[in-house]
Amino acid sequence: MKSRLEANEMKYLRRVIGVTLRDHIRSSQIREQLQSKKLMDAIENKQLSWWGHVQRMNADRAAKQVWQAKVQGRRSRGRPQETWNNTIQKSLRKRGKTWIEAKEMARNKKEWGKFVHGEEWNT
């Protein structure tokens, strides 16, 4: 099922090349024609890139302390909120890595960059 973000992204891309849904052109063909990658993939790459950066930080840095902090108390009733750690963990699982493997890999900036961005990544 497509998310709203994906649907709006494709709506925009269709307008860029001047086609409508009635033209029955596949999203993959539109992306290929525009040489465009999925927005969600770009967002996921940035999230993983930042996570790797935080893993390499010294423990006394404020950003790392905030990331490692655990909030006390309970959340209100309702749908459980997606946490940053859960989002990162899903992305890592999708790419075939466990949390521990990724944490170890993130210590090496070049290796982590290639994992996140692919072989075309340069420092």
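**Figure 1. The lining of the largest pocket in this predicted model.** Eleven positions are drawn around the opening, and the residues that line the largest pocket are Val 66, Trp 67, Ala 69, Lys 70, Val 71, Gly 73, Arg 74, Arg 75, Thr 83, Trp 84 and Asn 85. The volume of this pocket comes to about 280 Å³. Two helices, α4 (62-68) and α5 (84-94), each contribute at least two residues to the lining. Sorted by class, the lining residues of the largest pocket comprise five that are nonpolar, three that are polar and three that are charged.

**Figure 2. Thr 83 and Arg 77, in the loop between α4 and α5.** Thr 83, which is among the residues lining the largest pocket, sits in the loop between α4 and α5, and with a relative accessibility of 26% it counts as partly exposed. From the C-alpha atom of Thr 83 to that of Arg 93, ten residues away along the chain, the separation is 15 Å. Arg 77 is likewise placed in the loop between α4 and α5, and its relative accessible area of 85% makes it an exposed residue. Arg 77 and Ala 62 stand 15 residues apart in sequence, and their C-alpha atoms are 30 Å apart in space.

**Figure 3. The second largest pocket and its lining.** The residues that surround the second largest pocket are Glu 6, Lys 38, Met 40, Asp 41, Ile 43, Glu 44, Gln 47, Glu 82, Thr 87, Lys 90, Ser 91 and Lys 94. Helices α3 (39-56) and α5 are the elements that provide two or more of these lining residues, and α3 supplies the largest share, five residues. The volume of the second largest pocket is about 220 Å³. In terms of class, its lining divides into two nonpolar, three polar and seven charged residues.

**Figure 4. A salt-bridge network that joins Glu 44, Lys 94 and Arg 95.** Side chains of opposite charge can pair when their charged atoms come close. The side chains of Lys 94 and Glu 44 meet in a salt bridge, with a distance of 2.9 Å from N to O. This pair links distant parts of the chain, given that Lys 94 belongs to helix α5 and Glu 44 to helix α3, 50 residues apart. Lys 94 counts as exposed at 58% relative accessibility, whereas Glu 44, at 11%, counts as buried. Glu 44 also forms a salt bridge with the side chain of Arg 95, at 3.1 Å from N to O. Arg 95 lies in the loop between α5 and α6 (99-106) while Glu 44 is in helix α3, so this pair ties together parts of the chain that are 51 residues apart in sequence. The relative accessible area of Arg 95 is 25%, and the residue is therefore partly exposed.

**Figure 5. A salt bridge between Arg 31 and Glu 9, both of them buried.** In the whole structure, a search finds five salt bridges, and one of them is formed by Arg 31 with Glu 9, whose closest N and O atoms are 3.1 Å apart. Arg 31 is part of helix α2 and Glu 9 part of helix α1, and the pair links parts of the chain that are distant, 22 residues apart. Both residues, Arg 31 and Glu 9, are buried.

**Figure 6. Arg 14, a buried residue that has no salt bridge.** Arg 14 is placed in helix α1 (residues 4-17). Although Arg 14 is buried, it has no salt bridge, and the nearest side chain of opposite charge, that of Asp 23, is 8.0 Å away. Leaving aside residues up to four places away in sequence, Arg 14 touches Val 19, Thr 20, Leu 21, Ser 27 and Ile 30.

**Figure 7. Positive phi values at His 24 and Gln 35.** His 24 is located in the loop between α1 and α2 (27-34), and its phi is near 55°, a positive value in a residue other than glycine. With 70% relative accessibility, His 24 counts as exposed. Gln 35 is found in the loop between α2 and α3, and its phi, again positive in a residue other than glycine, is near 55°. The relative accessible area of Gln 35 is 74%, and this residue is exposed.

Key: Residues are numbered from 1 along each chain as its sequence is written. This is a predicted model: local features need pLDDT of at least 70, side-chain atom pairs count only at pLDDT 80 or more; totals for chains, interfaces and linings use all residues. Side-chain values use heavy atoms; hydrogens and water are left out. On a 1 Å grid over the protein atoms alone, a cavity is a set of points where a 1.4 Å probe fits but cannot get out, and a pocket is an open set with protein on both sides within 12 Å along at least five of seven lines; lining residues have an atom within 4 Å of a point. Grid points are joined across faces, edges and corners, and a volume is the space filled by probe spheres set on the points. Helices (H or I, at least four residues) and strands (E, at least two) are DSSP runs, numbered from the N terminus. Ala, Val, Leu, Ile, Met, Phe, Trp, Tyr, Cys and Pro count as nonpolar, Asp, Glu, Lys and Arg as charged, and the others, Gly among them, as polar. Buried means under 20% relative accessible area, exposed over 50%, partly exposed in between (1.4 Å probe, protein chains only). Lys and Arg count as positive and Asp and Glu as negative; His and the chain ends are not counted. A salt bridge is a side-chain nitrogen of Lys or Arg within 4 Å of a carboxyl oxygen of Asp or Glu. Contact means heavy atoms within 4.5 Å.
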